[in-house]
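Grab a pencil and work through these exercises on the model below. Each one comes with a worked solution.

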Amino acid sequence: MTVTDRIRRTMIFLNTQRAALVKDAFIYRPDCVILDLEDAVAANEKDAARFQLYQTLKHVDYRGVERWVRINGLDTDLFEEDIKAAVAGGTEGIRLPKTETASDVQLVEEKVAAAEKQFGRPVGSTMLMAALESPLAIINAFEIAKSSPRLMGIALSAGDYVRTLHAKRTVAGIELFGARSQMIIAARAAGVMAFDTVYTDIDNMAGFKEEVELIKNMGFDGKSLISPKQIKVAHEIFNPSAKEITHAAHVIQAVRDNGDKGVGVLTVDGKMVDIAWVEGAQRTLDLAKAAGLYKGDLA
């Protein structure tokens with residue numbers, strides 16, 4: 001799978017200063033961890049957190065879980081040192097908070113490239129992810145999404161967005177519908193991934209499940225998390241069902257079997273399908289393989 005197709009159903013935020021938490025995070029098997037240097041760290045602990053970050057990246061085996069670092073914002077004097085520590089430690093990617101323009105991403109890209117050269121990492125090996133947290137960011141979503149070849153995806157961060165929108169958080173999430181819609185359209189147009197915001201009521205698993213089902217149906221690739229108990233539920237929702245996997249395999253096989261016969265429309269499992277269905281069917285199988293749910297030889 002390509003960088004943008006790698007399965008990233010879950011990205012859990014971890015307080016970088018809590019050594020016991022960050023060293024055992026792989027146990028819960030999220031697809032990604034986000035080692036946080038921003039909101040989770042007190043202002044007088046930033047240097048200590050950065051040192052802990054470097055040690056964690058260098059010495060903790062996450063056993064295949066992808067490691068991201070959320071740096072401090074570009075409006076601080078902290079982000080450049082954050083980038084250096086993250087790149088030197090070997091992070092797979094950097095999450096840029098409060099991204100509002102393509103130039104924000106490009107500035108971080110420049111600093112990351114310099115750090116890769118400084119610390120002997122392959123230039124271009126560190127991915128970027130942009131968090132959109134304001135109305136201006138949502139308006140600029142497409143420009144941000146296509147701002148850099150390093151950019152793996154864009155992510156919604158609802159706290160600041162709702163505040164600057166002068167809206168209120170609701171159970172139904174109506175205040176986020178416009179942002180979510182524009183983000184997923186921008187991501188697909190730019191060919192990058194899209195991730196939803198955290199669900200903060202960690203004891204309301206029914207509400208969490210409903211929200212994950214909503215954003216999956218909208219087209220999002222995954223969700224940011226704050227609690228390990230949210231991981232399994234999110235994975236179950238984002239994973240293709242056994243019925244979907246079987247149907248996808250049947251679609252691809254049927255199209256292959258009839259490829260030389262000039263047949264454009266077929267009936268598969270009682271449903272009418274055509275060549276346009278192949279891309280979606282292949283994506284279903286790719287996701288199923290990445291999740292360990294399908295071991296067929298169709299590719």
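**Exercise 1.** How are helix 2 and helix 3 oriented to each other, roughly parallel or roughly perpendicular?

*Solution.* Keep in mind that this is a predicted model. Start with the geometry: helix 2 (residues 46-59) and helix 3 (residues 79-89) pack at an angle of about 15 degrees, and their axes lie 8 Å apart. Next, apply the cut-off: angles under 35 degrees count as roughly parallel. Helix 2 and helix 3 are therefore roughly parallel to each other. Their crossing is right-handed.

Now look at who touches whom. Helix 2 brings Arg-50, Leu-53, Tyr-54, Leu-57 and Lys-58, while helix 3 brings Glu-81, Asp-82, Ala-85, Ala-86, Ala-88 and Gly-89. Sorted by class, that contact has 6 nonpolar, 1 polar and 4 charged residues.

**Exercise 2.** Find which helix gives the largest share of the lining of the largest pocket.

*Solution.* First, the space itself: the largest pocket has a volume of about 1,000 Å³. Its lining counts 36 residues, and closest to the centre sit Glu-279, Gly-280, Arg-283, Thr-284 and Leu-287. Then list the helices that supply at least two lining residues each: helix 8, helix 9, helix 11 and helix 12. Helix 12 takes the largest share, with 9 residues. By class, the lining splits into 13 nonpolar, 9 polar and 14 charged residues.

**Exercise 3.** Work out which element gives most to the lining of the second largest pocket.

*Solution.* This pocket holds about 440 Å³ of space. Among its 25 lining residues, Phe-13, Asp-36, Arg-70, Val-198 and Ile-226 are the closest to its centre. Strand 1, strand 4 and helix 7 each give two or more. Strand 1 has the largest share, 4 residues.

Conventions: Residues are numbered from 1 along each chain as its sequence is written. This is a predicted model: local features need pLDDT of at least 70, side-chain atom pairs count only at pLDDT 80 or more; totals for chains, interfaces and linings use all residues. Side-chain values use heavy atoms; hydrogens and water are left out. Axes are lines fitted to C-alpha atoms, for helices over the stretch in contact, and angles run from 0 to 180 degrees between N-to-C directions. Angles under 35 degrees count as roughly parallel, over 145 as roughly antiparallel, 65 to 115 as roughly perpendicular and the rest as oblique. A crossing is left-handed if the near helix is turned anticlockwise from the far one by less than a right angle, and right-handed if clockwise. Contact means heavy atoms within 4.5 Å. Ala, Val, Leu, Ile, Met, Phe, Trp, Tyr, Cys and Pro count as nonpolar, Asp, Glu, Lys and Arg as charged, and the others, Gly among them, as polar. On a 1 Å grid over the protein atoms alone, a cavity is a set of points where a 1.4 Å probe fits but cannot get out, and a pocket is an open set with protein on both sides within 12 Å along at least five of seven lines; lining residues have an atom within 4 Å of a point. Grid points are joined across faces, edges and corners, and a volume is the space filled by probe spheres set on the points.
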